[in-house]
There are 2 protein chains.
Amino acid sequence: MDDQETGPLKSIADLARLAGVSVSTVSRALTGKGALSKGTRGRIQALADRHGFRLNVAAQNLRLGRTGAIAVLMPLGLARGLQLSDPFLVTMLGFLADALTDRGYDLLLSRVSPDRDDWLDAFIRAGRADGVIIIGQADQGAVLGRVAAHYRPMVVWGEQGAGGGPAMVGADNEAGGRLAAQHLVERGRRSLAFFGDMDVPEFAARHAGFLAGLPASLRGGVALICSPLTPEASHAKARDWFAAGNRPDGIFAASDVVAMSLVAAAADHDLRVPQDLSIIGFDDIPLARLARPPLTTVRQDIEAGAHHLVDLLFRRIGGEDAGSVQIAPELIVRETS
Amino acid sequence: MDDQETGPLKSIADLARLAGVSVSTVSRALTGKGALSKGTRGRIQALADRHGFRLNVAAQNLRLGRTGAIAVLMPLGLARGLQLSDPFLVTMLGFLADALTDRGYDLLLSRVSPDRDDWLDAFIRAGRADGVIIIGQADQGAVLGRVAAHYRPMVVWGEQGAGGGPAMVGADNEAGGRLAAQHLVERGRRSLAFFGDMDVPEFAARHAGFLAGLPASLRGGVALICSPLTPEASHAKARDWFAAGNRPDGIFAASDVVAMSLVAAAADHDLRVPQDLSIIGFDDIPLARLARPPLTTVRQDIEAGAHHLVDLLFRRIGGEDAGSVQIAPELIVRETS
DNA sequence: CTGTTAGCGCATTCAT
DNA sequence: ATGAATGCGCTAACAG
């Protein structure tokens with residue numbers, strides 16, 4: 001062992017000195033690129049290993065003109081807690097982390113506040129990431145459309161807008177809404193309500209599909225309640241609504257969290273689910289089946305969505321002009337309907 | 001407007017040329033550091049704004065010898081699904097993202113597989129982050145202890161081990177276990193069980209506290225069931241256990257997810273909660289109060305935990321030799337007990 | 001108050 | 001097969 005106390009190796013220059021070769025040789029040995037005699041390469045790799053030396057990723061990236069990271073942005077803005085407390089988002093985040101690390105990329109999680117109109121441009125120009133995945137367009141459709149026109153490596157999870165917008169991946173929310181409608185009608189429900197925030201395009205599409213799936217005779221009577229999305233707030237909203245005397249026999253909730261809040265609020269008012277009232281959610285988060293009673297819901301395949309997002313992004317990074325993807329939703333009948 | 005088509009500005013050199021000043025002047029103007037006449041600064045900032053120019057964060061960080069990112073690592077390894085689906089982790093992640101972005105840092109989310117013994121050293125030496133937050137030590141206590149000896153900017157969420165380990169933040173799991181025990185005893189429960197995975201130090205401490213909080217007469221009779229942590233798997237485990245004829249009257253679950261699975265499984269077997277069986281969880285995830293019946297649980301304050309983690313980390317980055325923090329748990333009595 | 005210069009750690013031409 | 005030299009975009013002495 002010529003392994004004397006040389007102090008920590010800070011850069012390939014140190015290692016080169018130690019090995020008696022040039023920095024470029026070390027670089028070639030450690031990256032595996034370029035021609036190099038097998039002996040030298042092995043010797044240098046062994047030396048690096050012994051000293052616990054690793055290439056500095058930041059410097060490497062600067063030199064290569066990349067960052068090695070993909071940003072995941074959730075511009076949900078409003079309530080701070082909201083963006084990350086929703087089990088759907090979180091599940092999505094986990095699958096994205098898996099898919100990205102599989103490709104050797106880091107996941108840069110940023111909470112951005114869409115206060116100024118150029119929040120996205122500013123983020124992109126700062127050059128922190130090689131691509132951007134946006135989860136939930138919220139009310140930022142205009143910004144996304146504008147940026148998409150000149151920035152390719154970006155994909156958005158959400159409801160497909162009119163053509164020409166950003167590359168999107170999302171469930172077919174309208175079809176999901178129709179599924180919910182047909183199911184409630186089959187169950188003989190007649191007095192219906194929709195709980196959700198119509199400012200969110202996904203939810204608006206679910207609502208539109210819900211109406212479209214109903215016979216014309218019922219369509220006019222559907223109550224539309226603008227509900228918040230957090231467990232606490234949606235529970236409060238639902239309780240107030242029942243307290244005001246509203247007694248529908250079928251409710252379609254924009255998300256499973258809202259649906260679970262409705263089940264809880266119904267119990268507070270001695271409404272039996274599903275005997276007196278059918279409730280159906282959207283998402284099929286893992287906890288939906290654990291709820292009591294287990295939640296009937298429209299499932300969107302989050303894992304498939306994450307994979308599509310990442311695939312699409314890397315296709316676009318690779319120069320391909322890949323377009324949007326839509327995922328078919330599926331009705332999962334459990335015991336709240 | 002002297003704003004001709006000059007093409008996109010790639011670097012401060014371009015901007016300097018455009019403004020007729022030197023690069024250092026531009027740098028000073030844009031960073032706000034160093035002395036500069038108010039006029040020049042304003043002029044350059046306006047110019048940068050007009051052209052949509054932003055400093056390249058990667059280059060800035062390389063020069064400053066930092067990365068501007070904090071890594072959050074979850075070495076939970078075992079089941080892939082686990083890290084993603086557990087609402088506790090996800091909630092923690094959200095609060096961490098908030099706390100870090102408040103300090104101007106990015107959150108680098110990495111799923112590391114602790115397969116080799118040097119996974120952590122390798123990650124650190126790659127220089128991708130200025131500090132590391134580990135969520136859940138799992139079975140990596142030895143690795144963490146070794147690394148902590150020579151790497152300061154690291155904090156770990158979890159159960160405090162014997163002295164000398166890494167800087168830790170965590171709930172007082174043993175105290176939490178005692179709380180649960182006392183509560184069940186007060187409710188008159190005598191035939192008790194604990195559901196959890198004893199390989200996870202946090203859970204082992206909860207179990208130990210649970211036993212410690214029981215009168216000696218009951219301590220010997222506590223069943224210990226090694227349960228998985230995901231909704232699906234824990235539900236299956238619980239159902240099988242009830243199916244085998246086990247009929248305790250009080251169960252302490254290692255996490256809320258496990259507790260909710262137990263409630264669901266109990267219903268499958270026509271056990272009434274809480275009349276026949278008291279169930280108490282741990283965490284107080286947001287959905288705990290929405291469960292039917294709302295879940296009695298031992299609350300750990302996740303937001304406070306996240307803030308402590310970040311505080312502690314930056315203290316250590318700043319050279320302070322700040323030590324561990326323990327958070328007092330709180331019994332939240334709802335309707336499953 | 002502003003400009004010149006020397007790197008941060010690395011990858012890559014171009015020589016040899 | 002290897003070495004020398006250049007620069008990715010930026011900041012911070014050091015001069016003036």
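1. Let's start with a region you can find by residue number. The UniProt record, an unreviewed entry, lists residues 10-64 of chain A as "domain: HTH lacI-type". In this predicted model, that stretch of chain A is 71% helix and 0% strand.

2. Now look at how the two chains meet. On one side, 46 residues of chain A are in contact with 43 residues of chain B. The size of an interface is often given as the accessible area lost when the parts come together. Here chain A and chain B bury about 4,600 Å² between them, and 60% of that is on carbon and sulfur atoms.

3. Which charged and polar links cross between the chains? Four salt bridges are counted between chain A and chain B. One joins the side chains of Asp106(A) and Arg128(B), with 2.7 Å from N to O. Eight residue pairs are also found in polar contact across the interface.

4. Which parts of chain A touch chain B? Several elements supply at least two residues each, among them helix H4 (57-64), helix H6 (87-102), strand E2 (106-110) and helix H12 (231-243). H6(A) gives the most, with 10 residues. By type, the residues on this side of chain A divide into 25 nonpolar, nine polar and 12 charged.

How values were computed
Residues are numbered from 1 along each chain as its sequence is written. Chains are lettered from A and ligands numbered from 1 in the order in which they are written. This is a predicted model: local features need pLDDT of at least 70, side-chain atom pairs count only at pLDDT 80 or more; totals for chains, interfaces and linings use all residues. Side-chain values use heavy atoms; hydrogens and water are left out. UniProt positions are given in the numbering used here, feature names are shortened, and annotations may be inferred rather than shown by experiment. Helices (H or I, at least four residues) and strands (E, at least two) are DSSP runs, numbered from the N terminus. Contact means heavy atoms within 4.5 Å. Buried area is the accessible area (1.4 Å probe) that two parts lose on being put together, summed over both. A polar contact is a pair of N or O atoms within 3.5 Å; within protein, one must be able to donate a hydrogen and the other to accept it, and residues adjacent in sequence count only if both atoms are side-chain atoms. Ala, Val, Leu, Ile, Met, Phe, Trp, Tyr, Cys and Pro count as nonpolar, Asp, Glu, Lys and Arg as charged, and the others, Gly among them, as polar.
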